Amino acid sequence: MSHQISVMVHTPAHSGIGGALTYESDTAQAPGTLVRVPLGSRELLGVVWSGHHPEPAEAMQLRAIASVLAGVPPLSANWRQLVQFAAHYYQRSAGEVALAALPSQLRDLNAEQWARRLKRKPKVSASFEGAAQHIPTPTDEQAQVLADIAANEGPFLLFGNTGSGKTEVYLRAAQSVLEQNSQAQILVMVPEINLTPQLEERFRARFAPQWGADCLVAMHSSLTPAQRLKNWLAAHSGEARIVLGTRMAVFASMPHLQLIVVDEEHDPSYKQQEGARYSARDLAVYRGQLEGAKVILGSATPSLESWHHSRPATASEPAGRYMRLAMPSRVGQGALPLVRRVDMNRQPYKTVFSNHLLDAMRERVTRGEQILVLLNRRGYAPVLHCNDCGWKSECPHCSAYRVFHKLDRTLRCHHCGFTQPVPRACPSCGNLDISPLGRGTEQLEEHLAELLADVRRSDGEHIRIARIDADSTRLKGELERQLAEVHAGAVDVLVGTQMIAKGHDFRRVTLVAALNTDGALFSSDFRAPERLFSLLMQAAGRAGRDANMSLVSPCEMWVQSHHPLHPLFEALKQHDYPAFAEQQLREREQATLPPFSFQALVRAEARSQEAAQGFLNAARDAGAALADELLVDLYPAVPMTIQRVANIERAQMLIECTSRKALQHFLANWQADLHAMRSTHRQVIRWAVDVDPLAI
Ligand code: ADP
Ligand code: ZN
Ligand code: ZN
């Protein structure tokens, strides 16, 4: 007898339909089974689905599935539900989400290669050779938090200062889950794995002695396809007890998932920026609930959403749905840095480093201490400019300037990648006097070398200045190498973008300086202050991690600003995240912004701005009646901040509603209109919906 089965495949064209196609099979296939199916002249990987039945097969002859992928147990019902939910919530097809979540080799290996891959014997697990690790006794705060996690359901927001020992809490929570259940699995997510190479080491060193070197696998985009398949299979089979990964790991198949940790939960890199634009943090909370796994979101500067969700009950209102756990103290005596603000209005025009700051830097370097200088702009100068005619280094393909990179003397567009050698003379008037405007990390590094040229280290050597940003770390392994140098003390002053502010444990840093932060104070993006505050708090957290060092030399964070009395800096000075959060949340509530409302964006790209906006405005008209009914606000289409990239015009339209449910309902019903409009707006190259967008 033949069976009709519905199979989820990646067919973007079907995104309005859901991605399930009907095939015939001689034998029944369990839902979740991986199969290969013919589509047109191609053969695709698919997942046997269930739940909704496909459209009744018409008289049309159904095609048979080509093969079943041997040796892979079916994906669980929970996994399929997670995919289904994510697809629905983020307005994509389930087939796209499902297939994107599977390692590419499952798709790319043909039957013969797959058979060979299966025959490969797993290597006998290497015995773990690391040194026996000293496991610290929990502090009182850690013990309290662990007891709360054990006694409650969660989800938990672990609000722990930088250096308060959050990682130790994750390790202990993981340990007790592993001990209680011989199959239990744990998912640990981090924003960017190469920025925190120590974390993987800490987990491995803690768990490998008892559970073997293979108990932990990594999942992130810099693995080779073969590694990714291997690790995915280890998690899927249940052999790997711990998966440590970036946002993509939220879709890891883990049949016995019991605990999910989202470290630095506020980090924007948890939001996927293409395809299904999911928030891995939000999906982690959903998945935890679905699988009955506990969820711990950890941060020293939580996202305002999570902070709001974890609000305690008041006389008039019940508590939020997360449980907030606090660890305010740093482990040991390591004090938080004293924040010093420099009023740049009182400095001579064009001052880069105030004299006070320079003196402080000189003094510390001479004593053998390390310094971080944070500037969130890479390259030498953001624009090159002609003093005669006013020419600027615009990108011919984008509405943006090309950045001057001095090292290879190029003008490089950071949006489309267009790169040219720096012209000898002004392309517009021939003037030879063209000069950089503004300053990036590359120039800052050069400038500092001049300013500190006469300073010697305690050993009499010249001081060493290094730079870490997306340019200096382009080559594989460079970032790790550079970080190791800083750790080893070979670098005295480290200049860099936000990459240097993340979870590194730089022991000898006693001074952090932040330059040019004012832009974020008055940005049109309502999340800019939140991002700046967390960046500065994280950066401040790099200083004073070594208690012995702080005793000798109290650490400092310097902020140079034209608005030193801004409330954001006041809160920073007090290291008072709650005060900052309360103030921001009040503003957001008054303006009915997230988390007091819910947003989605539709973005459209076309050869002309009129075409892009025309599509969006037509979509707005099509959805107007339903939006009215559901109290959803549809704003008019506007050009995006960077309106043109690589000769493509971009426009967007904001959708807002105070009810998440109503917004979801609207989006789900409006999809069909959007899809249908493709045929009447042929100039639109692509469009996409972004639910809970992070940047507007
Ligand atoms: P966070 O993740 O909150 O920044 P970590 O977990 O990295 O903090 O801890 C900061 C430092 O304190 C680390 O060097 C860690 O080994 C140490 N530490 C953490 N918990 C304890 C403890 N209970 N006793 C002693 N040292 C600890
Ligand atoms: Zn000119
Ligand atoms: Zn460009």
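A word on conventions. This is a predicted model, in which local features need pLDDT of at least 70, side-chain atom pairs count only at pLDDT 80 or more, and totals for chains, interfaces and linings use all residues. Residues are numbered from 1 along each chain as its sequence is written, chains are lettered from A and ligands numbered from 1 in the order in which they are written, and side-chain values use heavy atoms, with hydrogens and water left out.

**Domains**

The chain is assigned domain 1 (3-119), domain 2 (140-327), domain 3 (338-378 + 440-590), domain 4 (380-438) and domain 5 (598-691); such bounds come from an automatic or database domain assignment. The centres of domain 2 and domain 5, taken over C-alpha atoms, are 34 Å apart. Where these two meet, 4 residues of domain 2 are in contact with 6 residues of domain 5, contact meaning heavy atoms within 4.5 Å. Together they bury about 320 Å², 30% of it on carbon and sulfur atoms; buried area is the accessible area (1.4 Å probe) that two parts lose on being put together, summed over both.

**Zinc sites**

Here are the two sites side by side. Donors are N, O and S atoms within 2.8 Å of the metal (3.2 Å for Na, K and Ca); water is not among the atoms, so sites may look incomplete.

| Ion | Protein donors | Distance |
|---|---|---|
| zinc ion (ligand 2) | Cys 386 (SG), Cys 389 (SG), Cys 426 (SG), Cys 429 (SG) | 2.3 to 2.4 Å |
| zinc ion (ligand 3) | Cys 395 (SG), Cys 398 (SG), Cys 413 (SG), Cys 416 (SG) | 2.2 to 2.3 Å |

Why is the arrangement around the zinc ion (ligand 2) tetrahedral? Its 4 donor atoms subtend angles of 104 to 112 degrees, and four donors count as tetrahedral if all angles lie between 85 and 135 degrees. The zinc ion (ligand 3) is tetrahedral because its 4 donor atoms subtend angles of 105 to 113 degrees. For four tetrahedral donors the ideal angle is 109.5 degrees.

The donor spacing for the zinc ion (ligand 2) is C-x2-C-x36-C-x2-C. For the zinc ion (ligand 3), the spacing reads C-x2-C-x14-C-x2-C. Cys 398 is buried at 1% relative accessibility, whereas Cys 416 is partly exposed at 26%. Buried means under 20% relative accessible area, exposed over 50%, and partly exposed in between (1.4 Å probe, protein chains only).

**A helix and a serine**

Helices (H or I, at least four residues) and strands (E, at least two) are DSSP runs, numbered from the N terminus. In helix H14 (residues 528-541), 13 of the 14 residues are buried. Ser 306 sits in helix H10 (residues 304-309) and counts as buried, with 2% relative accessibility. Leaving aside residues up to four places away in sequence, Ser 306 touches Leu 157, Glu 265, Arg 281, Leu 297 and Tyr 322.

**Backbone details**

Most residues other than glycine have a negative phi, and most peptide bonds are trans. The Gly 154 to Pro 155 bond is cis, with omega near -5 degrees, and Pro 155 lies in the loop between helix H5 (140-151) and strand E6 (156-160). Another cis bond joins Pro 594 and Pro 595, with omega about 5 degrees. Thr 592 has a positive phi, near 45 degrees, and is partly exposed at 33% relative accessible area.

Methods:
Four donors count as tetrahedral if all angles lie between 85 and 135 degrees; four count as square planar and six as octahedral if opposite donors are over 155 degrees apart and all others between 65 and 115; anything else is irregular.
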